[in-house]
Amino acid sequence: MKYLNEDEIKETLIKIKEHPLFDEWFEIVKDILLNEEFQKRRLFKHHKGSVWDHSIAVSFKAFKCSKKNLERRKNCAIAGLLHDFYPYAWQYSKELEEYTKVLYAQARLIEGLSIDNPTEITNLICDLISK
């Protein structure tokens with residue numbers, strides 16, 4: 001699998017790239033989007049697309065819907081992006097059918113994210129993800 005660089009990622013986000021809030025959102029989530037483990041989610045089927053597509057849509061929508069509070073926007077953008085971040089496609093996994101197992105796997109994977117400028121995964125973000 002070829003991993004995308006920053007410019008390539010922006011090219012895949014055609015639907016939201018022209019929105020006036022795109023640059024602000026992208027700056028918050030850029031490190032996660034550039035993470036190789038997160039980029040593997042482009043291969044995981046979800047709804048009519050991939051986990052990658054779905055998570056970006058949720059993240060951007062949550063970011064836009066949050067009030068003008070910058071910290072809230074940041075938390076919503078990150079939580080939206082990571083809400084379906086599992087080690088593999090959970091819909092097809094007997095081992096992850098139980099909700100608690102899914103949350104456990106998700107938490108372990110988030111802890112293992114290694115990115116150049118780590119985004120602090122706060123308790124609030126973890127709470128938002130679990131809902």
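## A helix and its charged neighbours

Helix α6 covers residues 70–82, and because each of its 13 residues counts for 1.5 Å, the helix should span 18 Å; the C-alpha atoms at its ends lie 19 Å apart, which agrees. That expected span is 1.5 Å times one less than the number of residues, and a helix here is a DSSP run of H or I with at least four residues, numbered from the N terminus.

This is a predicted model, in which local features need pLDDT of at least 70 and side-chain atom pairs count only at pLDDT 80 or more, while totals for chains, interfaces and linings use all residues. Residues are numbered from 1 along each chain as its sequence is written, and side-chain values use heavy atoms, leaving out hydrogens and water.

Several residues of α6 are buried, among them Arg-73, Cys-76, Ile-78 and Leu-82. Buried means under 20% relative accessible area, exposed over 50%, and partly exposed in between (1.4 Å probe, protein chains only).

Now to the salt bridges, each a side-chain nitrogen of Lys or Arg within 4 Å of a carboxyl oxygen of Asp or Glu. The whole structure holds eight of them, and here are some:

| Pair | N to O distance |
|---|---|
| Lys-17 and Glu-11 | 3.1 Å |
| Glu-27 and Lys-30 | 3.4 Å |
| Glu-37 and Lys-40 | 3.2 Å |

Glu-27 and Lys-30 are about one helical turn apart because they sit three residues from each other in helix α3 (residues 22–34). Glu-27 is exposed, at 52% relative accessibility, whereas Lys-30, at 17%, is buried.

Technical notes. Helix = DSSP H or I, 4+ residues; strand = E, 2+ residues; numbered from the N terminus.
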